[in-house]
Amino acid sequence: LPRPLCEIACSLNENVERLAFSVVWRMNLDGTLSKKGGKGKRKSDDDIWYGRTVIKSCARLDYATAQNIIDRKVATGEDLADETFWPKSRQPTGGHTIDQVAADVRLMHKVAMARRRLRFANGALALNGIKLSFQLGEDGETPKLCAPYPIRDSNRLIEEYMLLANYFVAQRLITHAHGRALLRNHSPPIELGMQSVVDISREALNFEIDTTNSSTLQASLSRLSRECDDELVVQCITESLMTPMKPAEYIAAGELAEEDWHHFALNIPYYTHFTSPIRRYPDVIVHRLLQATINDDVGEFPQTQGEIHSAAGHCNEKRMAAKKAQERSDRVFLSLYLKKNPIASTLGVCLSVGEKTFTVFVPKLGASIKVFLQEHDDCFNYNSFTDDGGKRHIVISPKTDAVP
């Protein structure tokens, strides 16, 4: 995103008031939801509050600093924080102390992790592939560093509250905006592709993967991680399972049956996107719908159910195009990096074989690449065949000694 937008206009910079749309609820330390008035209150008193707010932050933390706080590398009672772990520019102002902010971060982390455990116990699925990140050189174009993007507990802390906020907003839209509610559903994966992974796992590892639903699939992956000593095997199985997964999509609730609102990976009956209006247009529509439910004038909303569904379809197309553009951009930057920092050889694992294609997973780069043999006719000879057991094989050999 442009820096003036994400770092100035819409960033939660310290001591600057920002207009926001907030969802407010109460939670217990064990990750469950609590009632506003505590025990003994009627269920009607346990409402979630939605509304326009003003936010004024006292510190501008980032994921790395928050992680240092969680890990107690800093703010453990010292008078001055070590700037290696908590840079001066990110320390609190306006009368707040580092100990106060650190206590809040650790409390939020404790509740978030409890919530996360509940979520997975209730059948949520996590297929975490490796994503590369690049650090550009002084020219702003050539990458000088390429490494997997780290997912820390500080990322997971934000994720848990984000998921809850999105879920609560979806709930509000369904009950108040009805068919106009803009939701994000996730259909079950392609059965044939999943069965292929199940068969490979059974034959190669003697390990049974249960793909009945997201809950059984997550349980299988957790058991594989515990029982398998080879992290590479777990990575390859996880990567293979991502291929038959269908993409999540935006919809207007009234255009689909209620059972089709379901989100497979999260294993919840409905979901939406509310938390990132500066980079996703569906969130903007959701904000407008949410305000209409607060104003009690949904009937006067300028878009009909059909128009919202059409806009959702357009957003699906643009999101997929953006995803492909991002993947190709990553490929360009990776190529530029490898051109300056060549890797003589690295491990590649063949995940699947077609008639004239095969898919290779390169763990070091976190990349799965489909290789089309016809594109390499000038360098390699190849012969593909199916054996008596129905397995596909490809034999590849270089045409000249110049090819490694």
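Helices (H or I, at least four residues) and strands (E, at least two) are DSSP runs, numbered from the N terminus. This is a predicted model, in which local features need pLDDT of at least 70 and side-chain atom pairs count only at pLDDT 80 or more, while totals for chains, interfaces and linings use all residues. Residues are numbered from 1 along each chain as its sequence is written, and side-chain values use heavy atoms, with hydrogens and water left out.

The axes of H5 (residues 191-205) and H7 (residues 231-242) come within 9 Å and cross at roughly 160 degrees. Axes are lines fitted to C-alpha atoms, for helices over the stretch in contact, and angles run from 0 to 180 degrees between N-to-C directions. H5 and H7 are therefore roughly antiparallel (over 145 degrees). Met 194, Val 197, Ser 201 and Leu 205 of H5 make the contact (heavy atoms within 4.5 Å) with Val 233, Ile 237, Ser 240 and Leu 241 of H7.

## Helices H2 and H4

H2 (residues 63-70) packs against H4 at an angle of about 100 degrees, the axes being 8 Å apart. These two helices, H2 and H4, are therefore roughly perpendicular (65 to 115 degrees). On the H2 side the contact involves Tyr 63, Ala 66, Gln 67 and Ile 70, and on the H4 side Asp 153, Ser 154, Asn 155, Leu 157 and Ile 158.

Ile 151 lies in the loop that runs between strand S6 (143-148) and helix H4 (153-176).

Conventions: Parallel < 35°, antiparallel > 145°, perpendicular 65-115°, else oblique.
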